[in-house]
Amino acid sequence: MSARTTRKWLRYGAIAVVAGGIVAATVLYLRHTTVAVLAPRGVIAAREKHLMVITVLLAAIVVIPVFAMLFAFAWRYREGNSKKAKYSPELDGSRVAETIWWLIPSAIILILSVVTWNSSHALDPYKPIASSVKPLNVEVVALDWKWLFIYPQQNVASVNTLELPVNTPVNFEITADAPMNSFWIPQLGGQIYAMPGMSTQLHLMASQVGNYYGSSANISGSGFSGMNFMAHAVSSADFTRWVASAKKSPKNLTAASYTKLAAPSSNVLPTLYASADSSLYDTIVMKYMMPMPGGNSTMNMTAAQMQEMDMQ
């Protein structure tokens with residue numbers, strides 16, 4: 001074997017070792033790390049993962065050959081390989097070649113458009129989840145820099161902790177009394193924005209008991225890094241016991257206590273409230289929309305001031 005051939009195989013071997021190392025490192029990382037969106041624990045998240053897999057596989061049909069040809073062409077037509085690199089000007093304008101590289105991407109785009117159309121309707125965040133179990137309603141308020149969860153049916157509330165009964169549809173109503181945020185529990189479903197003066201909806205359902213990390217997916221200021229919470233999916237009996245323990249809390253969520261809670265603070269510990277003002281969520285939404293006498297905005301009014309206005 002000549003020295004030139006030896007160098008050639010050494011280069012091929014080095015490329016194979018690097019590629020194998022990258023693949024091995026990726027597999028090792030995925031085996032010991034839980035990637036939330038790839039480990040769904042809810043019916044919506046499972047459908048979203050299925051959609052991501054289909055999309056990646058369809059894209060790979062184009063992406064992998066393109067990158068393979070990129071390296072193949074760069075290697076074959078390099079400056080030092082002019083003797084072996086065949087010049088083929090007849091390929092320019094070839095009907096066969098043009099048909100191949102236009103037909104395949106067009107077919108993939110057509111398939112993706114059908115997938116997108118169907119999934120956009122099936123995974124509409126405003127679409128309730130079909131179930132024989134009565135849904136749980138939770139009102140979510142994004143604050144600086146914490147999450148407030150109000151349970152109107154149970155008349156309790158919590159901060160930075162979310163309790164959910166497993167296999168029960170949860171209907172979230174979401175708003176913000178702070179800069180725009182994004183409510184996200186990756187293992188249960190996709191994110192949706194929380195915006196002042198607006199009420200968005202999201203429907204999720206946990207399919208397994210467990211603790212799932214939740215956070216804001218939208219940077220909202222200096223305390224953003226601590227704006228996270230834990231969603232606890234528990235049995236129906238455990239959820240009932242949690243509600244009972246929340247009702248024993250010495251704290252109540254009134255308009256006055258909400259005003260204090262809404263003040264900017266970060267890394268807030270989980271807190272339970274024994275009762276919650278039934279009109280608080282609507283008041284928070286409406287305070288960014290209702291005009292005051294004289295045409296002034298109510299944007300900077302506290303919940304207590306809004307409630308006082310309603311009483312008048």
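User: Happy to dig in! Which helix holds Phe-71, and why is this residue called exposed?

Analyst: Phe-71 sits in helix H2, residues 43–76. In this predicted model, its relative accessible area is 59%. Exposed means over 50%, so Phe-71 qualifies.

User: What makes Phe-71 part of a nonpolar patch on the surface?

Analyst: A patch takes residues with over 30% relative accessible area and no salt bridge, and joins nonpolar side chains within 5 Å. Phe-71 has 59%, and Phe is one of the nonpolar types. The patch also includes Val-63, Val-66, Phe-67, Met-69, Leu-70, Phe-73 and Tyr-77. Together with Phe-71, they have about 830 Å² of accessible area.

User: Nice. Let's turn to helix H4. Which of its residues are buried, and how do you know that they are on the same side?

Analyst: In H4, residues 236–246, the buried ones are Phe-239, Trp-242, Val-243 and Ala-246. They cover an arc of only 100° around the axis, which puts them on the same side of H4. On the other side, Thr-240 and Arg-241 are exposed.

User: What covers the buried residues of H4?

Analyst: The cover includes six strands: S1 (136–143), S2 (146–151), S3 (156–159), S4 (161–165), S10 (228–234) and S11 (271–273).

User: Why is the contact of Arg-241 with Asp-238 called a salt bridge?

Analyst: The closest N and O atoms of the two are 2.3 Å apart. The rule asks for a side-chain nitrogen of Lys or Arg within 4 Å of a carboxyl oxygen of Asp or Glu, so this pair passes. Arg-241 and Asp-238 are three residues apart in helix H4, separated by about one helical turn.

User: Are these two partners exposed or partly exposed?

Analyst: One of each! Arg-241 has 52% relative accessibility and counts as exposed. Asp-238, with 33%, is partly exposed, because that class runs between 20% and 50%.

User: How many salt bridges are there, and what does Asp-177 pair with?

Analyst: The count comes to two. Asp-177 forms a salt bridge with Lys-287, and the closest N and O atoms are 3.1 Å apart, within the 4 Å limit. This pair links distant parts of the chain, 110 residues apart. Asp-177 lies in the loop between strands S5 and S6, and Lys-287 in the loop between helices H6 and H7.

User: How do you know whether Asp-177 and Lys-287 are buried or exposed?

Analyst: Buried means under 20%. Asp-177 has 10% relative accessibility and Lys-287 has 7%, so both count as buried.

User: On to the rings. What makes the pair of Phe-149 and Phe-183 edge-to-face?

Analyst: The structure holds ten aromatic pairs. In this one, the ring centres are 6.3 Å apart and the planes lie at 65°. Phe-149 is in strand S2 and Phe-183 in strand S6, 34 residues apart. Both are buried.

User: And why is the pair of Tyr-151 and Phe-239 called tilted?

Analyst: Tyr-151 and Phe-239 are 6.2 Å apart centre to centre, with 45° between the planes. Stacked needs under 30 degrees and edge-to-face over 60, so 45° leaves tilted. Tyr-151 lies in strand S2 and Phe-239 in helix H4, so the pair ties together parts that are 88 residues apart in sequence. Tyr-151 and Phe-239 are both buried.

User: Which residues do ring pairs link into a cluster?

Analyst: The cluster is made of Trp-147, Phe-149, Phe-172, Phe-183 and Phe-229.

Conventions:
Residues are numbered from 1 along each chain as its sequence is written. This is a predicted model: local features need pLDDT of at least 70, side-chain atom pairs count only at pLDDT 80 or more; totals for chains, interfaces and linings use all residues. Side-chain values use heavy atoms; hydrogens and water are left out. Buried means under 20% relative accessible area, exposed over 50%, partly exposed in between (1.4 Å probe, protein chains only). Helices (H or I, at least four residues) and strands (E, at least two) are DSSP runs, numbered from the N terminus. The arc is that of the directions from the helix axis to the C-beta atoms. Contact means heavy atoms within 4.5 Å. Patches are made of residues with over 30% relative accessible area and no salt bridge: like charges are joined within 9 Å, nonpolar side chains (Val, Leu, Ile, Met, Phe, Trp, Tyr) within 5 Å. Accessible areas come from the Shrake-Rupley method with a 1.4 Å probe; for residues, only the protein chains shown count as cover. Rings of Phe, Tyr and Trp (its six-membered ring) pair if their centres lie within 6.5 Å; planes under 30 degrees apart count as stacked, over 60 as edge-to-face and the rest as tilted.
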